[in-house]
Amino acid sequence: MKPHKRYKVIFLPEGQQTEAARGLSLLEAARKAGVKIATRCGGKAGCLMCKVKVAAEEAGAVKPPGDAERRKLGSQLNEGVRLACQAEVWGDVHVTVPEDPLKAAVRRRLEEARRGREDELW
């Protein structure tokens with residue numbers, strides 16, 4: 001039996017990566033790489049929490065969107081937005097995972113506090 005080809009999936013911005021067989025969802029690949037992508041619907045394209053971005057030049061490295069994904073994402077597909085639970089690996093691909101909103105808020109507050117301290121020094 002011939003072994004299945006494996007593809008490199010790199011998750012940005014952290015750069016975590018894994019190898020995935022063709023047909024593995026980006027959500028499953030993320031879990032394999034230790035990347036947290038939120039979901040509530042169990043991978044059924046219902047909650048829209050697992051949005052990720054795939055650059056236009058790598059769009060062919062994931063399976064084209066199906067009906068459910070087209071209905072849910074509409075024009076966002078033109079911006080490279082995909083549902084990690086629906087998009088399947090078809091080649092080497094870089095996937096941008098949006099920052100968790102709570103994490104982003106905390107990071108912004110820390111940066112503001114750090115800038116405030118730097119201003120006091122000058």
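What volume does the largest pocket have? The largest pocket holds about 570 Å³. This is a predicted model, in which local features need pLDDT of at least 70, side-chain atom pairs count only at pLDDT 80 or more, and totals for chains, interfaces and linings use all residues. Residues are numbered from 1 along each chain as its sequence is written, and side-chain values use heavy atoms, with hydrogens and water left out. A search of the whole structure finds three salt bridges.

**Pockets**

- A pocket is an open set of points on a 1 Å grid over the protein atoms alone, where a 1.4 Å probe fits, with protein on both sides within 12 Å along at least five of seven lines. Lining residues have an atom within 4 Å of a point.
- Grid points are joined across faces, edges and corners, and a volume is the space filled by probe spheres set on the points.
- The largest pocket has 19 lining residues. Lys36, Val97, Pro98, Glu99 and Asp100 lie nearest its centre.
- Strand 3 (51-54) and helix 3 are the elements that give two or more residues to this lining. Strand 3 gives the most, with three residues.
- Helices (H or I, at least four residues) and strands (E, at least two) are DSSP runs, numbered from the N terminus.
- The lining of the largest pocket divides into ten nonpolar, two polar and seven charged residues. Nonpolar covers Ala, Val, Leu, Ile, Met, Phe, Trp, Tyr, Cys and Pro; charged covers Asp, Glu, Lys and Arg; the others, Gly among them, are polar.
- The second largest pocket has about 180 Å³ of space. Its lining includes Val54, Ala55, Pro64, Pro65, Glu79 and Arg82.

**Salt bridges**

- A salt bridge is a side-chain nitrogen of Lys or Arg within 4 Å of a carboxyl oxygen of Asp or Glu.
- Side chains of opposite charge can pair when their charged atoms come close.
- Glu69 and Arg82 form a salt bridge at 2.8 Å, N to O. The pair links distant parts of the chain, with Glu69 in helix 2 and Arg82 in strand 4 (residues 81-83), 13 residues apart.
- Glu69 counts as buried because its relative accessibility is 2%. Arg82 is buried too, with a relative accessible area of 6%. Buried means under 20% relative accessible area, exposed over 50%, and partly exposed in between (1.4 Å probe, protein chains only).
- Arg70 and Asp67 meet at 2.6 Å, N to O. They are three residues apart in helix 2 (residues 67-73), so about one helical turn separates them.
- Arg70 is partly exposed at 42%, whereas Asp67 is exposed at 51%.
- Arg109 and Glu112 pair at 4.0 Å, N to O. These two are also three residues apart, in helix 3, so about one helical turn lies between them.
- Arg109 is exposed at 60%, and Glu112 is partly exposed at 44%.

- Leu102, Val106 and Leu110 form a nonpolar surface patch, with about 300 Å² of accessible area together.
- Patches take residues with over 30% relative accessible area and no salt bridge; like charges are joined within 9 Å, nonpolar side chains (Val, Leu, Ile, Met, Phe, Trp, Tyr) within 5 Å.
- Accessible areas come from the Shrake-Rupley method with a 1.4 Å probe; for residues, only the protein chains shown count as cover.
- Val106 sits in helix 3 (residues 101-121). Val106 is partly exposed because its relative accessibility is 44%.
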